[in-house]
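Have the coordinates open as you read.

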Amino acid sequence: PPIIYLTLIINFAIPVLFYLFFVIFYSFVTKLSKNVKFRISTTLSALIFIILFTQTNLISICIGLLSCREISGRKYISADVAYDCYSSEHLFYLVVLILPSTIIWLFGFPLIGFFILWKNKSKLENFKMQFMFGFLYDEYRKETYYWELIKIYIRVLLVIDLLFLEKYFKEKGILVLVILFVYCFLTYYF
C-alpha cells in the first residue's frame, strides 16, 4: 500500500505491540517473582489504558485521511496533499480500512467500555472492578461513572473540529469555544 495508508496500518500496530510487550514483560516478571501472580485483570487493565492512550492519535490519523483539502480547484487528502481525494485508490482504502477503523476507534471501544461500566455500575466499589477499571471512574462521583467517556468524546470533537475545519479559522475557533463551553456547563451540573 502507499505510504499514507501504510502509516495508518503501522499506527494500528503500535497498540498491539505495546500490549504484547506488556504481556511478555508481565509474564516474565510473574515467573521470576514469587510474590506477583499473573492476573488477566492486570492485562485487561493495561489493554484499556493502551487503547485510551492511543485512541486520539489514531482517530486524528483517520480523520486526516477522511477529510479533503481543496487546492487550485482540486481536492487532496488532508493528511498528505500528494494524494488525490476520492480517487479509486482512496475510495478503496476508505471503504476497506479508514471508515471501519474510524468507527471502531470512535464508537466501538468507548461504547464497549461504557457498556462494561454500566452493566457493573452496582459493583464499581468491588476490588476487582476497581483494579481493572477504576482509573476510568475513580475521580468522579458514583452517579457519573461514565464521565471519562464524555471526556473522550470532547477530545475527539476537538480533533475533528481542528482537522475538518482546517481552512475556516473563525468557525474552528468558535466551535472549539462552544465545545469547551458545553463541557464546562456539563462539568458544573454533573
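## A buried tryptophan

Trp105 counts as buried, since its relative accessibility is 9% (buried is under 20% relative accessible area, exposed over 50% and partly exposed in between, with a 1.4 Å probe and protein chains only). Trp105 sits in helix H3, residues 88-119; helices here are DSSP runs of H or I with at least four residues, strands are runs of E with at least two, and both are numbered from the N terminus.

What does Trp105 touch once its neighbours within four places in sequence are set aside? The list is Phe12, Pro15, Ile51, Thr54, Gln55, Leu58, Ile59 and Pro110, where contact means heavy atoms within 4.5 Å. Take Ile51: it is 54 residues from Trp105 along the chain, yet their C-alpha atoms are 8.6 Å apart.

## What kind of model this is

This is a predicted model, in which local features need pLDDT of at least 70 and side-chain atom pairs count only at pLDDT 80 or more, while totals for chains, interfaces and linings use all residues. Residues are numbered from 1 along each chain as its sequence is written, and side-chain values use heavy atoms, with hydrogens and water left out.

## The overall layout

The protein chain has six helices and two strands, and along the sequence they run α-α-β-β-α-α-α-α. Its C-alpha atoms fill a box of roughly 65 × 45 × 20 Å along the principal axes.

Of the 190 residues in the protein chain, 35% are buried. Among its contacts with a separation of 6 or more, 58% are between residues 24 or more positions apart.

## Two helix pairs

Two packed helices are described by the angle between their axes and the distance between the axes. Axes are lines fitted to C-alpha atoms, for helices over the stretch in contact, and angles run from 0 to 180 degrees between N-to-C directions. H2 (residues 40-66) packs against H4 (residues 127-137) at about 25°, with the axes 8 Å apart. That makes H2 roughly parallel to H4 (angles under 35 degrees count as roughly parallel, over 145 as roughly antiparallel, 65 to 115 as roughly perpendicular, and the rest as oblique). On the H2 side you'll find Ser41, Thr42, Leu44, Ser45, Ile48, Phe49 and Leu52, meeting Phe131, Met132, Phe133, Phe135 and Leu136 of H4. By class, the contact of H2 with H4 has nine nonpolar, three polar and no charged residues; Ala, Val, Leu, Ile, Met, Phe, Trp, Tyr, Cys and Pro count as nonpolar, Asp, Glu, Lys and Arg as charged, and the others, Gly among them, as polar.

H5 and H6 (residues 169-189) cross at roughly 170°, and their axes come within 9 Å. That makes H5 roughly antiparallel to H6. H5 brings Trp147, Ile150, Lys151, Ile154, Leu157, Leu158, Asp161 and Leu162 to the contact, and H6 brings Lys172, Leu175, Val176, Ile179, Leu180, Tyr183, Leu186 and Thr187.

The largest pocket holds about 310 Å³ of space. On a 1 Å grid over the protein atoms alone, a pocket is an open set of points where a 1.4 Å probe fits, with protein on both sides within 12 Å along at least five of seven lines, and lining residues have an atom within 4 Å of a point. Grid points are joined across faces, edges and corners, and a volume is the space filled by probe spheres set on the points. Of the 20 lining residues of the largest pocket, Ile48, Phe109, Ile112, Gly113 and Leu136 are the closest to its centre. Which element gives the most to this lining? H3 does, with seven residues. The lining of the largest pocket has 17 nonpolar, two polar and one charged.

The second largest pocket has about 170 Å³ of space. Its lining includes Ser67, Arg69, Lys75, Leu163 and Tyr168, and S1 gives the most, with three residues. By class, this second lining has four nonpolar, two polar and five charged residues.

Most residues other than glycine have a negative phi. Ser72, though not a glycine, has a positive phi of about 50°; Ser72 is in the loop between S1 and S2 and is exposed, at 79% relative accessible area.

Tyr86 is not a glycine either, and has a positive phi of about 65°. Tyr86 lies in the loop between S2 and H3 and counts as partly exposed, at 46% relative accessibility.
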